Amino acid sequence: MKAQEVFDVYKENILPTYTKTPLVFVKGKGSRIWDVHNKEYLDFFPGWGVGNLGHCHPKVMQAVRDQVSKLIFIPNNYYHIPQAKLAKEIVELSFPGKVFFCNSGAEANEGAIKLSRKFGKGRYEIITFENSFHGRTLATITATGQKKYQQGFEPLPEGFKTVKFNDLNAVKQAITEKTVAIMLELIQGEGGVNVASKEFVLGVRKLCDEKNLLLIVDEVQTGIGRTGKMFCFEHYGVTPDIMTLAKALGGGLPIGMMVVKKEISDTLGPGTHASTFGGGPVIVRAALAVLQAMNKEKILPAAKKMSGYLFGKLNALKEKYPVIKEVRGIGLMAGVELNMPGKAIVEKCLEKGLLINCTHDTVLRLMPALNVTQKEVDKALNIIEGALQ
Ligand SMILES: *Cc1c(COP(=O)(O)O)cnc(C)c1O
């Protein structure tokens, strides 16, 4: 198929739910990706947060090939070894507890909402934050503190309250006898790379302890090394009661996971929650390969080092170009807030062979693969500087 043909077939046959960039991609390797015309791009937003190891990591490819030839799928009323291994590894890496396997971030958050309600025994209100993003199902758009994702889909499910991010008093005031949980992104990704303050997170944790509320930390975007640690909560010295994961965990394959602390890990008993494809052998082999590669290739220290380099360069750009209002983020999750819409910059970068994202109208979002090289960072920053000029 020629590119134009592909666009036409999409137009005729696929719901127009996405704002699309007219590019047809055919292969990827690390931080590079090629379109149907064999034009090479540097991908600084691989998979919207899925590509923490870049495209087509050899270890992931090998694991998937091997598993596909043995057993592609087995449902959750039976046992299989890769699922046992992945669950054990995630629990060891995060906190004592148990996991639930599903297929996406929204589904993981739905699980967290259901578990909270079951735990609440009549308490059901969940406090969430302005500019948060938790997914596209009915419950998760309601948890998402942005009207634009909710409009037209009313009536929304009951039991969610949205308050100002980083405002502990607002949280305190929102708590009632019906409150059961607080759902939080430590860095709001889609909402503009807004970093939660340490004071705020410690305060929220304390409130949860005092009022017997569950702290649900949505690490769908910040997890699996994105911030230079395996999970973002490690930067804060707090432990969630429930953590949700998805995006980068499967190395490009669809996976979601809810990690639940030990004390409440039997809240959802047999028959209360399920997901047919959750934790299937091929996907969990891919996830195991991701974790193994991160360990063997010392991805976290490398990402931390590259973070210093990237933010150094971004801050230098900020000094030089007054159009940059603020540079923020942790690890390799970077937001560059402009005092103008970022769309034109993204398009200019694309012309020059660099893929980045703009969120919340004015925030350029860079989330390169954690194994990005210094040379690639230099190249990307040169292109961004050219676009700013
Ligand atoms: C992407 C994202 C989700 C939704 O994940 P899906 O896999 O698209 O359902 C939820 N929370 C956060 C923080 C995200 O970045």
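This report describes selected features of a predicted model, beginning with the ligand site and moving on to strands, individual residues and backbone geometry.

## The ligand site

The residues that surround the ligand are Ser104, Gly105, Ala106, Asn109, Phe133, His134, Gly135, Glu185, Asp218, Val220, Gln221 and Lys247. Grouped by class, this shell has six polar, three charged and three nonpolar residues. Helix α4 gives the most to the shell, with three residues.

In the case of Asp218, an N or O atom of the side chain is 2.7 Å from a nitrogen atom of the ligand. For Gln221, a polar side-chain atom lies 2.7 Å from an oxygen atom of the ligand. For Lys247, the distance from a polar side-chain atom to an oxygen atom of the ligand is 2.6 Å. On its own the ligand has 380 Å² of accessible area, and the protein covers 80% of this.

## Ser116 in helix α4

Helix α4 spans residues 105–120 and includes Ser116. Ser116 has a relative accessibility of 0% and therefore counts as buried. Setting aside residues up to four places away in sequence, Ser116 touches Arg123, Ile126, Val180, Ala181, Leu214, Ile216 and Ile242. Thr179 stands 63 residues from Ser116 along the chain, and the C-alpha atoms of the two are separated by 9.9 Å.

## Arg205 in helix α7

Arg205 belongs to helix α7, which covers residues 198–211. Is Arg205 buried or exposed? Its relative accessibility is 11%; since buried means under 20%, Arg205 counts as buried.

The side chain of Arg205 is joined to that of Asp241 by a polar contact of 3.0 Å. Apart from neighbours within four places in sequence, Arg205 is in contact with Leu213, Leu215, Val238, Thr239, Pro240 and Asp241.

## An open sheet of four strands

Strands β1, β2, β3 and β15 form an open sheet in the order β1-β2-β3-β15, with mixed pairing. Its edge strands, each pairing on one side only, are β1 (25–29) and β15 (354–355). Within the sheet, β2 (residues 32–35) and β3 (residues 40–43) run antiparallel and are joined by three bridges. Trp34 stands opposite Glu40 in β3.

Strand β14 comprises residues 333–338, and six of its six residues are buried. Cover is found on both faces: Met333, Gly335 and Glu337 are buried on one side, and Ala334, Val336 and Leu338 are buried on the other.

Strand β13 (residues 324–330) runs antiparallel to β14 and is joined to it by six bridges. In this pairing, Arg328 has Gly335 of β14 as its bridge partner. The two strands form a hairpin with two residues between them, and Gly331 in the turn has a positive phi of about 65°. Strand β14 also pairs with β17 (residues 363–366), in the antiparallel sense and over four bridges. Here Val336 stands opposite Leu364 in β17.

## The loop between α5 and β6

Gly145 is located in the loop that lies between α5 (138–143) and β6 (160–163). With a relative accessible area of 17%, Gly145 is buried. Beyond residues up to four places away in sequence, Gly145 touches Phe129, Glu130, Asn131, Ser132 and Thr162.

The peptide bond leading from Glu154 to Pro155 is cis, with omega near 0°.

Most residues other than glycine have a negative phi, and most peptide bonds are trans. Against this background, Ile224 has a positive phi, near 60°. Ile224 is found in the loop between β10 (214–218) and β11 (242–245). At 2% relative accessibility, Ile224 counts as buried.

Asp361 is not a glycine, yet has a positive phi of about 70°. The loop that holds Asp361 lies between β16 (357–359) and β17. Is Asp361 buried or exposed? Its relative accessibility is 60%, so Asp361 counts as exposed.

Methods. Residues are numbered from 1 along each chain as its sequence is written. Side-chain values use heavy atoms; hydrogens and water are left out. Two strands pair if DSSP finds at least two bridges between them. Buried means under 20% relative accessible area, exposed over 50%, partly exposed in between (1.4 Å probe, protein chains only). Contact means heavy atoms within 4.5 Å. A residue is near a molecule or strand if one of its heavy atoms lies within 4 Å of it. A polar contact is a pair of N or O atoms within 3.5 Å; within protein, one must be able to donate a hydrogen and the other to accept it, and residues adjacent in sequence count only if both atoms are side-chain atoms. Accessible areas come from the Shrake-Rupley method with a 1.4 Å probe; for residues, only the protein chains shown count as cover. Ala, Val, Leu, Ile, Met, Phe, Trp, Tyr, Cys and Pro count as nonpolar, Asp, Glu, Lys and Arg as charged, and the others, Gly among them, as polar.
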